[in-house]
Amino acid sequence: MNNNAQKFQEDAARICADSTHRQIIGTALDKYAQGRDKKIAEFQNWEQARESAAQIKQEGLDDMEALLRTLTKKLTKRGTHVYRAPTGADACRIVLNILKQNGAKTMVKSKSMTSEEIHLNEALEKEGYRPIESDLGEFIVQLRQEPPYHIVFPAMHLTRYQISDLFRDKLGCEPTENPEELTMIARKNLRREYVQADVGFTGANFAVAETGMISVTENEGNSRLSASLPKIMITLIGIEKVVPRMQDLSLLLPMLATVGAAQSISCYNTLYSGPRQPDECDGPEEYHVILLDNGRSRLAKDSTFREILRCIRCGSCINVCPIYRNVGGHAYNATYPGPIGSVLMPQLFDMQTYKHLSFACSLCGACRDMCPVKINLPHLLLKNREAASTTQPKFFEKLAFKAMSLLFNKPLFWKWGKRMGWIGQKFHPLIEGSVIDPAQCWTATRKAPKLKWKSFKDLWKKHSK
Amino acid sequence: MKITLFAPCFMDAMFPDVAMNAVKIFESLGHQVDAPEELACCGQPAFNTGYWDEARNVASKVVERLCDVEALVLPSGSCTAMIHKFYPELFKGTSLEEKANRLAAHTWEFSDFLVTRLGVTDLGASFPAKVTFHDGCHGLRELGIHDQPRALLSKVRGLTLIEMERVQCCGFGGTFSAKFPSISSSMGESKVAMVMKTGADYVVSNDSSCLMHFQGVADKQRKLIKSIHLIDLLVRHE
Ligand code: SF4
């Protein structure tokens with residue numbers, strides 16, 4: 001087992017045993033699910049909507065390079081600087097260069113999981129720059145110096161009491177348990193930053209090729225402020241987010257809001273197409289769009305896995321995942337947790353480092369049913385498992401399955417295997433659940449089922465005689 | 001009709017009565033039953049763990065033996081999903097592809113077969129108790145089986161069905177339960193709590209593996225829940 005896998009086992013076991021933590025997450029997810037179902041019911045035909053959304057995104061992927069060319073052309077025409085970053089490190093370098101060239105020091109950021117994926121904050125801090133997260137949840141986890149707990153709700157694991165303590169310790173303000181007051185504290189702190197920041201940074205939800213626009217969805221208005229107050233604006237977007245037409249957003253935006261946050265539509269939906277134009281009175285002086293590849297174009301060519309690029313990062317699969325519900329977001333130790341992450345992390349990054357996540361799933365399929373773009377997540381997990389076990393099989397595991405095929409394929413072996421098991425289990429209670437129990441991985445927490453002396457095959461033989 | 005019943009490995013060894021009761025039900029409806037003696041397992045454990053060669057090793061025997069039977073029925077949603085949904089994938093591009101597809105097309109889960117294929121819902125059973133029903137995930141989401149077992153339960157005399165607050169996996173997941181015991185048991189615990197919250201006397205399922213899992217969790221924690229396979233319930237006359 002590699003270190004990552006070991007750490008996952010330990011962290012997962014710790015969180016699973018923490019009933020308070022599970023309670024917080026469970027309550028939040030239940031509340032979300034109720035709201036989501038109400039919003040889904042507002043659709044005339046939710047299943048048809050999923051079908052269409054999947055098609056739109058698939059079309060975007062099938063035609064990705066051409067659409068990106070159109071997008072780039074249109075954005076450039078309005079004075080936007082567009083870059084293509086093959087890797088995360090390249091994207092970080094581009095951001096750093098923009099900061100350097102402009103003598104910038106601080107950068108106010110709105111929510112962007114893509115920036116988490118490339119570890120942009122660390123890269124900036126290492127060079128002495130100050131990235132400031134302006135999304136409330138991100139602001140909180142940044143103060144706690146921890147990664148987001150969830151791709152949509154970064155601070156869902158914290159109670160308002162914990163947030164109050166955090167603000168008291170880090171911002172020196174009076175403790176309060178009133179959520180609104182807590183929000184106001186964050187806001188007061190952030191407003192100052194917006195005005196002083198040299199650069200504003202946003203993530204993005206979609207890019208519309210037809211019109212050359214970047215679509216950003218948010219609920220707090222922080223993204224708009226990040227985009228409009230500083231002189232320079234940067235957007236980082238994964239290349240798979242491109243869709244062909246403007247009209248596609250009329251379906252994708254409400255769907256994203258519905259399963260993402262149980263809303264009919266998010267509070268602010270903005271389209272950015274370039275820096276301030278000569279006839280405009282506001283907007284940034286410079287606009288930079290970084291198109292991030294980081295393994296995506298390779299995945300787009302993989303006939304099995306390309307569908308994972310349809311993902312709109314709504315978090316819906318995470319919210320219904322019973323594993324996530326039990327182990328929480330941090331145990332995954334991955335930018336993208338939950339089902340989407342368990343498929344994507346090994347594919348986008350390193351199979352051997354992240355393969356354990358593909359196995360950490362009971363394959364219940366709840367994620368697939370709730371995915372707005374119909375990604376067959378459990379089947380892709382099975383494919384990941386196959387890839388992992390084919391490229392680097394575990395010696396004893398492979399041996400065990402080889403032995404099992406022998407046991408299953410030879411009726412005599414199967415018959416006597418069962419008999420011997422039956423005899424063996426007579427002595428099992430002596431060690432059941434202890435460390436010397438060979439079945440400890442089951443019996444430590446569960447009673448073992450009993451083998452019967454007469455199996456179905458025995459009963460059947462007698463019956464059919 | 002000639003029905004071939006395949007009792008999967010763990011059922012053969014640990015829950016033989018469930019499969020025997022399935023035989024009785026089919027025979028009482030006037031069908032002829034066959035049970036292949038040389039087959040033990042569908043290959044799902046190896047398949048789910050990524051060892052597809054080893055899975056094919058076991059599964060090819062199943063395909064060869066059963067591809068031409070009239071109807072194959074399994075008293076487990078999970079193993080049915082393996083044959084119906086995953087065999088075509090497992091054998092794609094191999095010499096058994098066509099046979100695997102043929103087999104998949106006439107493979108049925110027990111409750112689905114009774115209700116959809118045979119059109120039977122009332123087996124004359126009576127079971128005066130409050131029960132709740134656990135949907136095995138593979139049956140529910142790979143095969144879309146939800147209404148069929150409920151249709152059968154609705155005809156059982158004296159039975160009251162109380163649904164759980166949420167449809168959720170019990171945490172078994174085959175080799176997952178042994179690879180990640182803490183997560184799996186923690187999921188099992190939530191399931192036990194959900195079952196107990198309904199106040200039902202019994203929890204019923206069409207998958208023995210799920211029942212085995214959360215009954216095991218409950219027994220370990222000395223929580224009193226009683227589980228029963230749908231098939232066992234359908235032969236009760238109380
Ligand atoms: S995989 Fe589907 S459900 Fe999960 S985040 Fe992506 S789009 Fe949403």
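User: In this predicted model, what area is buried between chain A and chain B, and what share of that area do carbon and sulfur atoms give?

Analyst: Buried area is the accessible area that two parts lose on being put together, summed over both. Between chain A and chain B the value is about 5,700 Å², and carbon and sulfur atoms give 61% of that area.

User: How many residues does each chain bring to the contact?

Analyst: Chain A contributes 63 residues, and chain B contributes 67 residues.

User: How many salt bridges are counted between chain A and chain B?

Analyst: A salt bridge requires a side-chain nitrogen of Lys or Arg within 4 Å of a carboxyl oxygen of Asp or Glu. Nine salt bridges are counted between chain A and chain B. The side chains of B:R141 and A:D369 form a salt bridge, with an N to O distance of 3.5 Å.

User: Into which domains is each chain divided?

Analyst: In chain A, domain 1 comprises two segments, 1-42 and 315-392, while domain 2 covers 47-297 and domain 3 covers 408-464. The centres of domain 2 and domain 3 of chain A, taken over C-alpha atoms, are separated by 56 Å. Chain B has domain 1 at 2-117 and domain 2 at 130-234. The C-alpha centres of these two domains of chain B lie 22 Å apart.

User: Which three residues supply 20% of the area that domain 1 of chain B buries against domain 2 of chain B?

Analyst: The contact joins 29 residues of domain 1 of chain B to 21 residues of domain 2 of chain B. The area buried between them is about 1,900 Å², with 69% given by carbon and sulfur atoms. On the side of domain 1, B:V18, B:S111 and B:V115 supply that 20%, more than any other three residues. One salt bridge is counted between these two domains. Within chain B, B:K85 and B:E142 form a salt bridge, their closest N and O atoms being 3.3 Å apart.

User: Where does the ligand sit, and what surrounds it?

Analyst: The ligand sits in the second largest cavity. It is surrounded by 13 residues, the closest being A:C311, A:C314, A:G315, A:C317 and A:C371. By class, the shell holds ten nonpolar residues, two polar and one charged. Cys counts as nonpolar in this division, and Gly as polar.

Conventions:
Residues are numbered from 1 along each chain as its sequence is written. Chains are lettered from A and ligands numbered from 1 in the order in which they are written. This is a predicted model: local features need pLDDT of at least 70, side-chain atom pairs count only at pLDDT 80 or more; totals for chains, interfaces and linings use all residues. Side-chain values use heavy atoms; hydrogens and water are left out. Domain bounds come from an automatic or database domain assignment. A residue is near a molecule or strand if one of its heavy atoms lies within 4 Å of it. On a 1 Å grid over the protein atoms alone, a cavity is a set of points where a 1.4 Å probe fits but cannot get out, and a pocket is an open set with protein on both sides within 12 Å along at least five of seven lines; lining residues have an atom within 4 Å of a point. A molecule sits in a cavity or pocket if more than half of its atoms lie within 2 Å of its grid points. Contact means heavy atoms within 4.5 Å. Buried area is the accessible area (1.4 Å probe) that two parts lose on being put together, summed over both.
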